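Please examine the sequence and the three-dimensional model shown below.

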Amino acid sequence: MTPIDFNERAKSWDANPAHAARNQAVVAALRQRLGLDGTQTALELGCGTGELALALAPFLGSILGTDASPGMVEQFAAKLAEKPTAKLRVVCLDLLGDHGLSETFDLAYSAMMLHHVADVPGLLVRVAERLRPGGRMALVDLVTEDGSFHGEMVVPHNGFSEKEVADWGAAAGLRLLSLGDHSHRREERSSLSGFPGHSGGLTAR
Ligand SMILES: C[S@@+](CC[C@H](N)C(=O)[O-])C[C@H]1O[C@@H](n2cnc3c(N)ncnc32)[C@H](O)[C@@H]1O
């Protein structure tokens, strides 16, 4: 059993076509569910190499990408250095630590980050503090599975049930607006290039 080294994986992250396919599906789902109009300010949790933020940027006012892995942030920062845009920023921080964020956002979202966090209820409380009144949170992640998604790699959670997402959201003062449609379920894995499923929770303060 091996823990995931995101610094090492950052170097080849974008070469995996499954990641690009997943990002496309996430952009479509967030646009459809959140009614993005190009003005909302967003906080991305666990932004990785920034591909999702880059794809979402045309539909949002601004995005602050955050990630605890310096290797991931380095990849994203290199893209921004090559093609600067006032809409996108990235910072290396642990959202569960003393992250020092003080601004508030219309939207906080994550894709495939939550199952890498042991203390998800704690994370939701910390992130909810960064939402403006009426702000929303969108969580895209694995539906509870048998662990085969990560194979020999160790992760804190083998996905989540809808009840967990709803209960943890409620404990963070978030009201559940809608759950994901599970349109990318495990049985459709092959046609979606390895994207096994998501449990989306859209919540508002
Ligand atoms: C599976 S990757 C997903 C990256 C990206 N969202 C994507 O879909 O390509 C999970 C990311 O979450 C980040 N992460 C995990 N725990 C974190 C924390 N406590 N604070 C900030 N980032 C974290 C990892 O460093 C990693 O880059």
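The following paragraphs describe the model from its overall features down to individual residues.

**Basis and confidence**

Residues are numbered from 1 along each chain as its sequence is written. The model is predicted: local features need a pLDDT of at least 70, side-chain atom pairs count only at pLDDT 80 or more, and totals for chains, interfaces and linings use all residues. The term pLDDT denotes the predictor's confidence in each residue, from 0 to 100. The protein averages a pLDDT of 86, and 86% of the residues score at least 70. Over residues 185-200 the pLDDT falls below 50, although this stretch has 44 contacts in the model beyond near neighbours in sequence. Two residues are in contact if their C-beta atoms, placed from the backbone, lie within 7 Å.

**Overall fold**

The protein contains 6 helices and 9 strands. These elements are DSSP runs numbered from the N terminus, with helices (H or I) of at least four residues and strands (E) of at least two. Of the 205 residues, 38% count as buried. A residue is buried if 20 or more other C-beta atoms lie within 10 Å of its own, exposed if 12 or fewer, and partly exposed in between, with C-beta atoms placed from the backbone. Among contacts between residues at least 6 apart in sequence, 71% join residues at least 24 apart.

Strands pair if DSSP finds at least two bridges between them. Strand E3 (residues 62-67) and strand E4 (residues 88-92) run parallel and are joined by 5 bridges; Asp67 has Cys92 in E4 as its bridge partner. Together with helix H4 (residues 70-82), E3 and E4 form a right-handed β-α-β unit. A crossover is right-handed if, with the strands pointing away from the viewer, the path from the first strand over the helix to the second runs clockwise.

Strand E5 (residues 105-111) runs parallel to E6, with 6 bridges between them. The bridge partner of Leu107 is Arg136 in E6. The chain passes from E5 through helix H5 (residues 120-128) to E6 in a right-handed β-α-β crossover. Strand E6 (residues 131-140) is largely enclosed by the rest of the structure, because 7 of its 10 residues are buried.

**Selected residues**

Leu131 lies in strand E6 and counts as buried because it has 22 C-beta neighbours inside 10 Å. Met112 is in the loop between E5 and H5. With 21 other C-beta atoms within 10 Å, Met112 is buried; its phi is near 60°, a positive value in a residue other than glycine. Asp119 also belongs to the loop between E5 and H5, but is exposed, with 11 other C-beta atoms within 10 Å. Ser161 sits in the loop between strand E7 (153-154) and helix H6 (162-171) and is exposed, with 11 C-beta neighbours inside 10 Å.

| Pair | Separation along the chain | C-alpha to C-alpha distance |
|---|---|---|
| Leu131 and Asp106 | 25 residues | 6.0 Å |
| Ser161 and Thr144 | 17 residues | 5.6 Å |
| Asp119 and His157 | 38 residues | 9.9 Å |
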